[in-house]
Amino acid sequence: MEAIEEVEYEGLPPNAGLAVNMMAGSLAGITEHAVMFPVDSIKTRMQVFATSPAAVYTGIGNAFSRISSTEGMRALWRGVSSVIMGAGPAHAVHFGVYEAVKEMMGGNVHGSQNQWIATSVAGASATIASDALMNPFDVIKQRMQVHESQFRSAFTCARTVYRTEGLNAFYISYPTTLTMTVPFTAVQFTVYEQIKSFLNPTGVYSPTAHIVSGGLAGAVAGAVTTPLDVAKTLLQTRGTSQDAEIRHARGMQDAFRIIWRRDGFKGFARGLAPRVLTFMPSNALCWLSYEFFKAAIRDD
């Protein structure tokens, strides 16, 4: 009787092919965002400078109970359709570019001294490409997440924003997004690769290593970049604000000035807890899903 050779997915070539990496990244991205979307909605609301007392929350628990009791649980999922539409293609591009650049720079060579640089550059390159695609979807998502949003459809939201504010509204936060996500992704990928190598030096099948590494990487990267995320939210939701100064914010510098003048240092930590809470499990799930889907697709 012939022995059946089992191929463990951790034993697959690090660069399993562009199509495999893109498909795995797409499925992982949709899974990640859909599961953690309610916490992301709370983060958005806590970051917005609201004029109504009803839209001011003291913490994650307070926000969850008040939103669910006054608006219904469905309000926490408002805007998820935009994320699903954008997350698949954006994550496909993200992981595809990451693996391609990492391979090109020699980051997959075992024991290479270039791995830190390779993973950082690959992560940053992946972000620049994917954010260009994802930014409009993120704007739509946050417009639908805010308190008393008039939008119930992503298409209606996109059409209204374009008609009233123009194409610029979808990309006014792009420089801020890149300023935030390039270091976020570089930190995330670097921390992930290093922790995974430490926890699983032999490279054998170990979903625990993916979960722990991904969760810690997401928490660190999310916490470090929270100030930029607050500025991004202000710019992306400016069209829904009743505040003239916020409505006329023209970029990251204006956003920082508004945040500093109104809330000081603590203003840049708005939504820190839900942001970290979002990225820990979602990043763990994303990496676990990515590695799993890459293996499953490659094995087929």
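Which residue has its charged end over the ring of Phe 49? In this predicted model, that residue is Arg 270, whose charged end lies 3.9 Å from the centre of the Phe 49 ring.

Searching the whole structure turns up 8 aromatic pairs. One of them joins Phe 184 and Phe 279, with 4.8 Å from centre to centre and 50° between the planes, a tilted arrangement. If you trace the chain between these two, you will find them 95 residues apart: Phe 184 belongs to helix α8 (residues 174-199), while Phe 279 belongs to helix α13 (residues 272-299), so the pair links distant parts of the chain. Both Phe 184 and Phe 279 are buried.

Now turn to Trp 260 and Phe 265. Their ring centres are 4.9 Å apart, and because their planes meet at 80°, the pair counts as edge-to-face.

Let us finish with a pair of helices. The axes of α4 (residues 80-104) and α5 (residues 115-145) come within 8 Å of each other and cross at roughly 165°. That angle is why α4 is described as roughly antiparallel to α5. The crossing of α4 and α5 is right-handed. And what kinds of residues make up the contact of α4 with α5? They divide into 18 nonpolar, 8 polar and 2 charged residues.

Conventions: Residues numbered from 1 in each chain as written. Predicted model: local features only at pLDDT ≥ 70, side-chain atom pairs only at ≥ 80, totals over all residues. Heavy atoms only, no water. Axes fitted to C-alpha atoms, helices over the stretch in contact; angles between N-to-C directions. Helix = DSSP H or I, 4+ residues; strand = E, 2+ residues; numbered from the N terminus. Parallel < 35°, antiparallel > 145°, perpendicular 65-115°, else oblique. Left-handed = near helix turned anticlockwise from the far one by under 90°. Nonpolar A, V, L, I, M, F, W, Y, C, P; charged D, E, K, R; others polar. Phe/Tyr/Trp six-rings, centres within 6.5 Å; stacked < 30°, edge-to-face > 60°. Buried < 20%, exposed > 50% of the residue type's maximum accessible area, 1.4 Å probe, protein only. Lys NZ or Arg CZ within 6 Å of the ring centre and 35° of its normal.
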